[in-house]
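Thanks for asking me to look over this model with you.

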Amino acid sequence: MPSLTKLIDFCNKRLSIDTIKDFHGSLNGLQVENNGRVSKVGAAVDAGLVPFQMASKKGIDFLIVHHGLFWTPPTPFTGVNYEKIKHCIDHNLAVYASHLPLDCHREIGNNAILASKLHLSPQGTFLNYEGHDIGLLTKYTETRDDLRASLQNIFPNGIIRMEFGPERPKKVAILTGSGQSAFSEIEKHKVDTFITGELKQNHFNLAQEMNLNVYTCGHYETETFGVKALAQEVAEAFDLPCEFVDTQCPL
């Protein structure tokens, strides 16, 4: 069995994790250690107690997650937070988290993979945070109906559409997860269509006022791509089995 240290080094280098600043307190990288050896790689969107329990039942001892254990403000290890840590220790489960580094990665990031699945051509990036752009700008040459059908195929659990933009979109912005912070940037870059995970009610009015096509496809669903891709690369590099832990979150 390969060492945990080798897997961590692989992930850190693949994501350039030390060069990309994240939200304060997110602590990207290894968050919980195991006994130092790995027999099976797993991927999950969230570092929750149930995903941990599901991972252990599948024999996973190295779990890559997008939303890690640590944010701001710090939370004491009591209640369910204690149960999470206790489960990891009792079941020899190492947890590795990558938030923004896995969103903005140009090859295995959530935005990049979704763009590839939609056959969108990258044109640039937007929404800078601490020196790195999080979102992706793309060129589109088909119709709005074609784009909607592609999204419905990728996200069979359903999408929400707000179609107030052109029937033949030309510039599509992608920001997986939460898209609430993107609207001023969208206007700046003259985007006509926006694909994201989730929004708030007031963004319906903004979509109308800005003549935008907007598609929300689920925060969880739009952020499954990166962890799956990274876990698969790790598994192939170290000749290990790999499995996705799907909690089927509807949000």
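1. Is strand β2 (residues 41–46) largely enclosed by the rest of the structure or left open? Please keep in mind that this is a predicted model. In it, 5 of the 6 residues of β2 are buried, so the strand is largely enclosed by the rest of the structure.

2. The partners of β2 come next. Strand β3 (residues 62–67) pairs with β2 in the parallel sense, over 5 bridges.

3. Is Lys 40 buried or exposed? Lys 40 counts as buried because its relative accessible area is 13%, under the 20% cut-off. Setting aside neighbours within four places in sequence, Lys 40 is in contact with Lys 58, Gly 59, Ile 60, Asp 61, Phe 62, Pro 241 and Glu 243.

4. There is another sheet to trace. Here 6 strands form an open sheet with mixed pairing, in the order β5-β6-β8-β9-β10-β7. The edge positions belong to β5 and β7 (160–163); each has a single partner strand, so one side of each is left without a neighbour in the sheet. Neighbouring strands are turned by 20° against each other on average in this sheet, direction ignored. Within it, β9 (residues 193–198) and β10 (residues 213–216) run parallel and are joined by 4 bridges. Phe 194 stands opposite Val 214 in β10.

5. Which helices pack on this sheet? One is α5 (residues 110–117), which touches β6 (132–139), β8 and β9. The direction of α5 makes about 130° with that of β8. Another is α6 (residues 144–154), which touches β7, β9 and β10. In this case the helix direction makes about 5° with that of β10.

6. Asn 110 is found in helix α5. With a relative accessible area of 0%, Asn 110 is buried. What does Asn 110 contact, leaving aside its neighbours within four places in sequence? The contacts are His 66, Leu 102, Asp 103, Thr 176, Thr 222, Glu 223, Thr 224, Phe 225 and Gly 226. Asn 110 is also 10 residues from Leu 100 in sequence, with the two C-alpha atoms 9.7 Å apart in space.

7. On to the open spaces. The largest pocket has a volume of about 230 Å³. It is lined by 16 residues, and those closest to its centre are Phe 23, His 99, Leu 100, Ile 134 and Ser 178. At least two lining residues come from each of α4 (100–103), β5 (121–129) and β8 (171–178). The largest share, 4 residues, is supplied by β8. By class, the pocket lining has 6 nonpolar, 8 polar and 2 charged residues.

8. How many cavities of 30 Å³ or more are there? The count comes to 1. The largest cavity has a volume of about 30 Å³. Its lining is made of Asp 103, Cys 104, His 105, Arg 106, Asn 111, Ala 112 and Leu 136. These divide into 3 nonpolar, 2 polar and 2 charged residues.

9. Asn 81 is buried because its relative accessible area is 19% and the cut-off for buried is under 20%. Not counting residues up to four places away in sequence, Asn 81 touches Thr 75 and Pro 76.

Notes. Residues are numbered from 1 along each chain as its sequence is written. This is a predicted model: local features need pLDDT of at least 70, side-chain atom pairs count only at pLDDT 80 or more; totals for chains, interfaces and linings use all residues. Side-chain values use heavy atoms; hydrogens and water are left out. On a 1 Å grid over the protein atoms alone, a cavity is a set of points where a 1.4 Å probe fits but cannot get out, and a pocket is an open set with protein on both sides within 12 Å along at least five of seven lines; lining residues have an atom within 4 Å of a point. Grid points are joined across faces, edges and corners, and a volume is the space filled by probe spheres set on the points. Ala, Val, Leu, Ile, Met, Phe, Trp, Tyr, Cys and Pro count as nonpolar, Asp, Glu, Lys and Arg as charged, and the others, Gly among them, as polar. Buried means under 20% relative accessible area, exposed over 50%, partly exposed in between (1.4 Å probe, protein chains only). Contact means heavy atoms within 4.5 Å. Two strands pair if DSSP finds at least two bridges between them. Axes are lines fitted to C-alpha atoms, for helices over the stretch in contact, and angles run from 0 to 180 degrees between N-to-C directions.
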